[in-house]
Each structure stands twice: as structure tokens, then as C-alpha cells.
Amino acid sequence: MQKLYGKRRETKQPDVMKALTDKKPKTNFFETMASKVIAATGSPWAFFVALGVIIIWAVSGPVFGYSDTWQLVINTGTTIITFLMVFIIQKSQNKDAKSVQLKLNELIAANKAASNRLIDVENLSEEELDVLHKYYCVMVDETRKRMSMTESHSVEEAIGDALSKHEEDLLSRKTTKKKAPRK
């Protein structure tokens, strides 16, 4: 069932989606462990445990004569923890990014006024994203000029406006060159 403009309507689930949702989710050891580690290390008690370890290490300095071994213990421990946490954090960020992209894709797909070409925008190259960004900057400028937030603007409109402005610039340059006296 899908909610649309305050009313519910029945939607038939495509066979592909049904096949995907009928499967039981796999319990991936790394994903389960990463979720638990992220939850634990992001908690206040984890900070205080780490702070406690640093304080104990600092206080034990005089006992060990601030030796190289004493320094090596904290350096090695923090390096190992940092190295492992990089992979755990990256896994968590990848999952979060994918879930956010899916939510955005759903919003784009559900909105008839939205451009469906943006559904797969995360797979564009950096250069293509820059071009899209410029088009949206033009849309922002156009919206500010019109000052009507109730009016919808599309990517196509921004492209058309950008092209017409570019053409105007070219024409003004040509006429400026023609008018300039030759030496």
C-alpha cells in the first residue's frame, strides 16, 4: 500500500522486488560486529574508558622511568585500535550512505515533478556532478529572480536558461568585437 496525497492506494509489487523481499536477510558477521563496535565506541562510556587508559598510562610513567617501552605501549595500542577502527567506520559510513541514497531515490521516484535522471546520481563522475551543480546554481538564481517559491523549476529549464544566457553572452561579444575600431 502506498500513501499518495493523504489517500492510500494499492500498489502491486513488481516480481523482482517481491523476489528480493522474500529472501531472509543473511546475518553477516562483520556487519553485525561493526554495528556493535560502532554503537559501543560512540558511547560516552567508551570515551571515559579511553580517557582512563590514558590517565593510567600517564601516571605509570614515573614507575617505568618514562622509558621507550612505556611510550611504545601506548603508541602500539593506539595505532592498532586506529587501524582497525578505520575499517569499522568505513563499513558503517558505506551502509549509511547507501541507505540515504535509497531514501532519496525513493523520494525522487515518488515525485512526478522530479527528474528521474537524478536517481542514479551517485554513480556519475566528478565532472558530471560539477555540471549538474552548475545547472542547479542557475536554477537557484532563476528562483531568486522570480521570488516565487511555489513555482517549480526543472533541470531542463535550468539547462535552457543557461544555454540562452550563454548564447546572449556570445552574441554580445561578437557585437562588441565588430564595434571596436581596428588599429
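Colleague: This is a predicted model. Is glutamate 126 buried or exposed?

Modeller: Glutamate 126 counts as exposed because its relative accessibility is 59%, and the class of exposed residues begins over 50%. This residue lies in helix α5, which covers residues 126-146.

Colleague: Which residues form the negative surface patch?

Modeller: The patch is made up of Glu126, Glu127, Glu128 and Asp130. In such an assignment, Asp and Glu count as negative.

Colleague: How many salt bridges does the structure hold?

Modeller: The general idea is a side-chain nitrogen of Lys or Arg within 4 Å of a carboxyl oxygen of Asp or Glu. The structure holds 1 salt bridge. Lysine 95 forms it with glutamate 31, and the closest N and O atoms are 3.0 Å apart. The two partners come from distant parts of the chain, 64 residues apart: lysine 95 is in helix α4, and glutamate 31 is in helix α2 (residues 29-41). Lysine 95 is partly exposed at 42% relative accessibility, and glutamate 31 is partly exposed at 27%.

Colleague: How is a pair of aromatic rings described?

Modeller: One gives the distance of the centres and the angle of the planes. In this structure the count comes to 4 aromatic pairs. For tryptophan 57 and tryptophan 70, the ring centres are 4.1 Å apart and the planes stand at 5°, so this pair is stacked. The pair joins distant parts of the chain, with tryptophan 57 in helix α3 and tryptophan 70 in helix α4, 13 residues apart. Tryptophan 57 is partly exposed at 22% relative accessible area, whereas tryptophan 70 is buried at 10%.

Colleague: Why is the pair of phenylalanine 83 and phenylalanine 87 edge-to-face?

Modeller: The planes of these two rings are at 80°, and their centres are 5.2 Å apart, so the pair is edge-to-face; the cut-off for that class is over 60 degrees. Phenylalanine 83 and phenylalanine 87 are 4 residues apart in helix α4, which means about one helical turn separates them. Phenylalanine 83 is exposed at 51% relative accessibility, while phenylalanine 87 is partly exposed at 45%.

Colleague: Which residues do ring pairs link into a cluster?

Modeller: The cluster consists of Trp57, Tyr66 and Trp70. Tyrosine 66 sits in the loop between α3 (44-59) and α4 (68-110). Its backbone deserves attention too: tyrosine 66 has a positive phi of about 45°, although it is not a glycine. With a relative accessible area of 48%, tyrosine 66 is partly exposed.

Terms used. Residues numbered from 1 in each chain as written. Predicted model: local features only at pLDDT ≥ 70, side-chain atom pairs only at ≥ 80, totals over all residues. Heavy atoms only, no water. Patch = residues over 30% accessible without salt bridge, like charges linked within 9 Å, V, L, I, M, F, W, Y side chains within 5 Å. Areas by Shrake-Rupley, 256 points an atom, 1.4 Å probe, with all protein chains shown as cover. Charge placed at Lys NZ, Arg CZ, Asp CG, Glu CD. Helix = DSSP H or I, 4+ residues; strand = E, 2+ residues; numbered from the N terminus. Buried < 20%, exposed > 50% of the residue type's maximum accessible area, 1.4 Å probe, protein only. Phe/Tyr/Trp six-rings, centres within 6.5 Å; stacked < 30°, edge-to-face > 60°.
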